[in-house]
Protein chains: 4
Amino acid sequence: MTDLSRREFVHATAAFSFVSAAGIPAIGEAAGIDKETRTMTTAFDYEHAPVALPFDPKALKGISEKLIQSHWENNYVGAVKALNVVRGRLPQALNDASLPPYVYNDLKREQLIRTGSVVLHELYFANLGGDGKASADQRTRLSTSFGSYDAWETEFRKIGAGLGGGSGWVVLGYNEKLRLLENYWMGDHATNPPGTMPILVMDMYEHAYQMDYGAAAAKYIDAFFANIKWDTVAQRLGTVSKTA
Amino acid sequence: MTDLSRREFVHATAAFSFVSAAGIPAIGEAAGIDKETRTMTTAFDYEHAPVALPFDPKALKGISEKLIQSHWENNYVGAVKALNVVRGRLPQALNDASLPPYVYNDLKREQLIRTGSVVLHELYFANLGGDGKASADQRTRLSTSFGSYDAWETEFRKIGAGLGGGSGWVVLGYNEKLRLLENYWMGDHATNPPGTMPILVMDMYEHAYQMDYGAAAAKYIDAFFANIKWDTVAQRLGTVSKTA
Amino acid sequence: MTDLSRREFVHATAAFSFVSAAGIPAIGEAAGIDKETRTMTTAFDYEHAPVALPFDPKALKGISEKLIQSHWENNYVGAVKALNVVRGRLPQALNDASLPPYVYNDLKREQLIRTGSVVLHELYFANLGGDGKASADQRTRLSTSFGSYDAWETEFRKIGAGLGGGSGWVVLGYNEKLRLLENYWMGDHATNPPGTMPILVMDMYEHAYQMDYGAAAAKYIDAFFANIKWDTVAQRLGTVSKTA
Amino acid sequence: MTDLSRREFVHATAAFSFVSAAGIPAIGEAAGIDKETRTMTTAFDYEHAPVALPFDPKALKGISEKLIQSHWENNYVGAVKALNVVRGRLPQALNDASLPPYVYNDLKREQLIRTGSVVLHELYFANLGGDGKASADQRTRLSTSFGSYDAWETEFRKIGAGLGGGSGWVVLGYNEKLRLLENYWMGDHATNPPGTMPILVMDMYEHAYQMDYGAAAAKYIDAFFANIKWDTVAQRLGTVSKTA
């Protein structure tokens with residue numbers, strides 16, 4: 001882009017960044033990534049920068065430093081790199097008249113999967129590192145939406161148990177179209193509900209637990225719950241409600 | 001729920017409904033569905049009510065009344081009914097100790113697919129019924145995000161062409177985590193990017209065009225563009241930016 | 001390949017062609033495609049030739065000539081062309097050191113989908129064009145495997161009904177590893193059981209019926225049953241059993 | 001079934017069992033499972049019995065006893081149990097008039113996934129436990145089909161590398177309809193080409209390597225190759241060709 005168009009673009013995209021406007025650090029900001037750098041791009045020349053682990057990798061209870069470090073470095077940063085590679089191939093592919101649209105879509109599908117992996121992993125790491133204790137307010141919020149806090153936790157854990165030995169995510173999300181806080185089963189990075197803000201994200205790919213627990217996915221789910229950072233959950237819920 | 005908990009719930013969920021707060025009618029409101037009725041539920045007892053077609057089914061250019069009526073009645077309302085049936089089975093299934101978690105997840109997957117179908121269809125119908133003419137402002141916005149308006153349209157159409165003969169959606173969406181306006185390929189109702197607000201939605205399931213165009217998906221894409229209601233697109237973009 | 005390697009190859013591949021050896025014409029042969037031409041290739045330079053419709057397109061009951069012609073020409077031949085295009089891109093992609101394996105796999109996935117579409121469509125057309133009347137022997141065979149002929153038909157139709165409005169296939173197949181004749185749900189061209197010979201194949205993509213029946217998938221399923229060519233079903237069952 | 005129908009059934013199904021007829025033990029036989037027991041069932045009352053590991057779990061090179069034992073016990077036997085549970089639910093579900101066909105299909109999809117997992121795992125374990133050395137004949141066979149043995153191995157490994165960090169299978173299979181020996185990418189247990197006999201099967205789910213290698217999938221692929229039992233590969237190829 002020319003300098004001029006770049007300035008115009010920054011102006012235009014500034015309007016989009018509602019998440020940080022609500023006072024909650026957007027993904028990347030906590031890690032000190034300059035916001036202007038991240039947004040001063042078009043859909044075609046954007047490059048994603050990895051976000052550092054937002055907690056001390058030695059500090060988790062029941063999830064080893066080795067595992068979480070490998071998870072971050074190999075699976076998450078690997079996904080960031082792959083996303084950038086795939087995105088980098090799009091402009092040429094779009095302009096290649098000999099490339100059939102369905103082959104172009106193979107790249108778009110890969111972009112979608114990697115986008116899902118990057119976004120979900122950042123949300124996952126950001127909701128770990130806490131003491132696992134939901135405040136009375138937070139329990140009430142979930143109780144209001146699910147009938148009881150236990151109903152929420154039971155369903156969230158059950159979905160996780162059903163994903164053991166395979167791959168996928170469990171996500172508590174706020175569906176802005178249905179105006180519902182719901183638990184979602186997701187079979188892979190690209191399986192998501194539309195128009196939904198993720199509030200609490202649990203990785204059920206085997207790389208999230210095999211190294212520590214082998215096939216004992218239930219033990220990992222216990223460890224996940226013991227490390228939930230409920231402040232992050234509350235912030236995400238607050239972002240949704242503050243904008244109301 | 002008791003009346004008391006119901007009142008508390010309405011209070012609590014009121015905080016979530018940011019979309020309507022921004023002055024843009026949420027899905028359902030335009031169709032006169034009472035907002036309180038729609039939100040006064042938990043994730044387990046929510047029932048979705050179908051939203052009427054927001055335009056005269058005879059008024060579309062190049063998409064027949066017969067097709068759009070069948071699309072609305074059979075595919076969309078059918079998905080609403082299926083969503084309600086599946087949701088209705090969840091509470092018992094959750095409490096059935098003999099039901100393995102992976103069978104519970106089969107229901108959750110069906111819920112996800114039907115949720116996707118319902119939400120995407122409502123967004124689709126709501127961005128049809130216009131004159132297909134983007135304003136200068138709207139073109140500039142897309143140009144800013146994609147390098148040029150033509151680059152946006154070229155990619156959006158190419159993804160659609162690649163889906164011809166199969167099933168899926170093309171969605172221009174605002175990814176709130178990456179802060180990017182992007183075109184997404186989606187292979188089915190449940191394939192979506194996380195944390196993304198759909199802005200313009202094109203149905204590429206064959207029921208969206210076979211009856212009128214047979215296998216000539218490209219002609220349907222032309223018809224879709226001729227009927228885009230750009231005001232809706234602008235409102236959705238505005239919702240995202242106004243909250244900034 | 002050199003002439004020598006070509007001769008060696010023909011010799012080697014001859015050993016594979018058990019289907020025709022059992023006296024049942026393999027796919028392609030009925031259409032007069034020279035067998036040697038079809039097998040004298042490696043996995044990397046194989047090109048698939050479309051097989052003509054094995055019946056008069058005007059002769060089906062309740063499935064219009066227009067629909068079946070469009071189905072064959074656009075969806076099936078389109079898949080053949082796509083398969084050849086994708087296969088043609090593989091050798092260069094395999095030798096491109098700068099291409100990440102996961103992008104190579106995007107092509108392999110496309111190859112798999114197109115292979116599935118080509119094979120399933122050929123089997124589908126080949127089991128149409130009959131009078132829909134199963135002989136006593138054929139009914140007994142299904143009865144033996146499913147408890148009763150009606151149990152088989154009920155399940156086969158129910159799977160089809162559940163796919164209405166979406167996409168996929170219903171396949172009666174012989175699983176050679178489990179030694180079971182079973183009905184399978186398949187969500188798309190690439191969703192299949194491993195090690196299974198398809199015996200009766202019903203296309204449930206919307207292009208198989210929308211043009212004639214709109215969303216009324218049940219009517220299409222009736223029409224499908226009225227046109228089943230049970231001789232083909234018997235031949236395929238015979239192929240499996242004759243080799244015993 | 002009555003005794004009479006049972007006898008008739010055994011007679012009828014005997015005709016199917018071509019694999020053992022060719023002199024190659026079918027799945028289950030090596031483990032001493034009585035053949036008659038296994039086939040004397042209909043599609044609705046079949047129960048699958050787990051097959052023991054066909055090699056000493058301590059004997060693999062670079063794949064630990066702990067991992068392979070967990071893989072067999074948790075992932076494979078777990079899939080067998082799940083398959084039996086799901087199959088056991090089918091008859092009642094089929095006869096439940098209040099169950100919508102699409103919910104019945106959720107069970108059929110789970111059946112398909114578990115069938116895929118069971119069959120592919122049995123093939124996988126059965127092609128491990130060897131010395132990893134392909135004979136000259138076996139190399140020639142692959143060379144004939146892929147241009148060179150190296151081309152085959154390069155592609156097989158590349159597909160595997162692209163699946164690292166996710167889930168899926170790499171399968172060398174003989175497509176009986178295309179009459180081609182090909183390498184296939186498979187994204188999960190239910191993603192397979194139709195009408196194809198698996199010849200060499202490599203598990204790329206993370207449970208196949210995370211415990212030993214963490215995210216280093218390439219090291220696992222080396223270990224897999226070092227343990228290939230080429231005799232099994234040759235037998236499977238022979239089954240295909242002997243029936244010619």
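Mentor: Happy to. By salt bridge I mean a side-chain nitrogen of Lys or Arg within 4 Å of a carboxyl oxygen of Asp or Glu. Helices here are DSSP runs of H or I with at least four residues, strands are runs of E with at least two, and both are numbered from the N terminus. D:Arg157 is partly exposed, with a relative accessible area of 26%, and D:Asp222 is partly exposed too, at 42%. For these words, buried means under 20% relative accessible area, exposed means over 50%, and partly exposed lies in between, using a 1.4 Å probe and protein chains only.

A word on the ground rules: this is a predicted model, in which local features need pLDDT of at least 70 and side-chain atom pairs count only at pLDDT 80 or more, while totals for chains, interfaces and linings use all residues. Residues are numbered from 1 along each chain as its sequence is written, chains are lettered from A and ligands numbered from 1 in the order in which they are written, and side-chain values use heavy atoms, with hydrogens and water left out.

Now turn to chain C. C:Asp222 forms a salt bridge with C:Arg157, and their closest N and O atoms are 2.8 Å apart. C:Asp222 counts as partly exposed at 43% relative accessibility, and C:Arg157 is partly exposed at 26%. In chain A, A:Glu153, A:Arg157 and A:Asp222 are linked in a network of salt bridges.

Over all chains, a search of the whole structure finds 24 salt bridges. One of them is formed by D:Asp106 and B:Arg109, with the closest N and O atoms 3.8 Å apart. D:Asp106 lies in helix H5 (residues 101-126) of chain D and B:Arg109 in helix H5 (residues 101-126) of chain B, so this pair joins two chains. Both partners are buried: D:Asp106 has a relative accessible area of 5%, and B:Arg109 has 15%.

Chain C also has an open sheet of three strands in the order E2-E1-E3, with antiparallel pairing; two strands pair if DSSP finds at least two bridges between them. Its edge strands are E2 (180-186) and E3 (196-203) of chain C, each pairing on one side only. Strand E1 (residues 169-175) of chain C pairs with E3(C) in the antiparallel sense over seven bridges, and C:Asn175 stands opposite C:Thr196 in E3(C). Helix H5 (residues 101-126) of chain C packs on this sheet and touches E1 and E3 of chain C, where contact means heavy atoms within 4.5 Å.

Finally, chain C can be laid on chain B with an RMSD of 0.0 Å by a turn of 180 degrees and a shift of 0.0 Å along the axis, after least-squares superposition on the C-alpha atoms of residues with pLDDT of at least 70 in both. The two copies are thus related as by a two-fold rotation axis.

Technical notes
Axes are lines fitted to C-alpha atoms, for helices over the stretch in contact, and angles run from 0 to 180 degrees between N-to-C directions.
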